[in-house]
Amino acid sequence: MINHSIHNDLKSAKDWILANQNEKGAILWDQTGKWDYWDHCECLIALAIYQEWEEFDKGIHFCLGQLDDKGLVKSEYINEKVTKDFNEAHHTAYIFLPLLQKYLVDQDLDYLKSFRTQIHFIYAALKKFKAEDGFYFWAQDESGFSDNSLITATCSIELSRRAYNRICEILGDTDCLDTSEAITSSSLKSKNFNRDGIDRSRFSMDAYYPLLCNCGNKSDAEKVLQKFYVEGMGVKCVVEEPWITLAESSECVIALFKIGMEADAHKIFSEILQYKNSSGYFPTGYQYDLDIFWPDENSTWTNAAIIMAADCLYDISGKEKVILL
């Protein structure tokens, strides 16, 4: 049953996302003009949950309009100028999640069919990032592929792969299915993921993102909480910093819910809600030693992640959740 109270309580967070969508359809981080493709798609999932179809459609068309002739997009823009001049592997394929979420909500097959060519074009571009050992290079620039692979990015790609396969099945394009082996807990232990040879286990994302891909068990989840959870506050971004980040907290809530730790997921989500400001939306993070919200922003994608977590816990859309693939 849909929880109308939570649905109504988070409308203001959804409205903050809409307030930062420009006339071209780009959903910016906030008023500073920063934009990237992955975070934009995160916001589109939230708009699909709330069935904001006109703005959703504008956002989809804006995303697809940024693709180059290789099916890729630059990593970051500020005020429509490229500020990170490279392509990240997990970015463009993330659009499969909002497209699928829309279909799961409204069953509009014609809308999904209208993007068939772009969907397969983007997936063909993603596959070029895959190395011979099966791992995905993190990024590519004019010099070629980065030597680094990242756990979080790889897990995001895995979620995109599952969404792509689901879309192929819906479209009847079963000859296009990616039948390669899914990532596993053991494959994620590879030293490939130590960026520039430096261990990344200090980042909470690398700890809970595998749980979103069914890699791990409750014991792994409990270790995540022991290492990164701060009682009464939420989940830290990095282990050594007194800094709660609400997107990480929300994503961890989804991971806990997915693995069956629903009580812990509900507890942390209830703590997230304390950070909603008087305007009804949420900051990126809270530095609890200094008792300040930091950085000085209220990022749209953070609010989107909170909406997605709420939909998992309280079924505010009343439909299947794409993030639980």
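Where is the place of D291? D291 sits in the loop between β10 (285–287) and β11.

First, a word about what you are viewing. This is a predicted model, in which local features need pLDDT of at least 70 and side-chain atom pairs count only at pLDDT 80 or more, while totals for chains, interfaces and linings use all residues. Residues are numbered from 1 along each chain as its sequence is written, and side-chain values use heavy atoms, with hydrogens and water left out.

Let us start with the overall build. The protein has 14 helices and eleven strands; here helices (H or I, at least four residues) and strands (E, at least two) are DSSP runs, numbered from the N terminus. Along the principal axes, the C-alpha atoms fill a box of roughly 50 × 45 × 40 Å. The radius of gyration is taken over C-alpha atoms, and the globule rule is 2.2 Å times the number of residues to the power 0.38. For 325 residues, a compact globule would have a value near 20 Å, and the protein has 19 Å, which agrees.

How much of such a chain is hidden? Of the 325 residues, 57% count as buried. Buried means under 20% relative accessible area, exposed means over 50%, and partly exposed is in between (1.4 Å probe, protein chains only). The accessible surface comes to about 13,900 Å², and 49% of this belongs to carbon and sulfur atoms; such areas come from the Shrake-Rupley method with a 1.4 Å probe, and for residues, only the protein chains shown count as cover.

Now for the strands. Strands of a sheet pair through backbone hydrogen bonds, either parallel or antiparallel. In this model, two strands pair if DSSP finds at least two bridges between them. Take strand β2 (residues 76–78) and strand β3 (residues 81–84), which pair in the antiparallel sense over three bridges. Y77 has V82 in β3 as its bridge partner. Together β2 and β3 form a hairpin with two residues between them, and N79 in the turn has a positive phi of about 50°.

Next comes an open sheet of three strands, in the order β4-β5-β6, with antiparallel pairing. β4 (87–88) and β6 (144–145) stand at the edges, each with a single partner strand, so one side of each is left without a neighbour in the sheet. β4 and strand β5 (residues 139–141) pair over two bridges, and N87 has Q140 in β5 as its bridge partner. Between β5 and β6 runs a loop that holds E142. Is E142 buried or exposed? E142 is exposed, with a relative accessible area of 81%. Although E142 and D85 are 57 residues apart along the chain, their C-alpha atoms are separated by 8.9 Å.

Another open sheet of three strands has the order β9-β10-β11, again with antiparallel pairing. Its edge strands are β9 (243–245) and β11, each pairing on one side only. β10 and β11 pair over two bridges, and Q287 has I292 in β11 as its bridge partner.

This brings us back to D291. Most residues other than glycine have a negative phi, and most peptide bonds are trans. Phi of D291, however, is near 55°, a positive value, and D291 counts as exposed at 55% relative accessibility. P295 is found in the loop between β11 (292–293) and α14 (300–314).

N214 lies in the loop between α10 (204–212) and α11 (218–228). Phi of N214 is near 65°, which is positive in a residue other than glycine, and N214 is exposed, with a relative accessible area of 52%.

For a contrast, turn to T152 in helix α9 (residues 151–171). T152 counts as buried, at 13% relative accessibility. Which residues is T152 in contact with, leaving aside its neighbours within four places in sequence? They are M205, D206 and Y209.

Conventions
Contact means heavy atoms within 4.5 Å.
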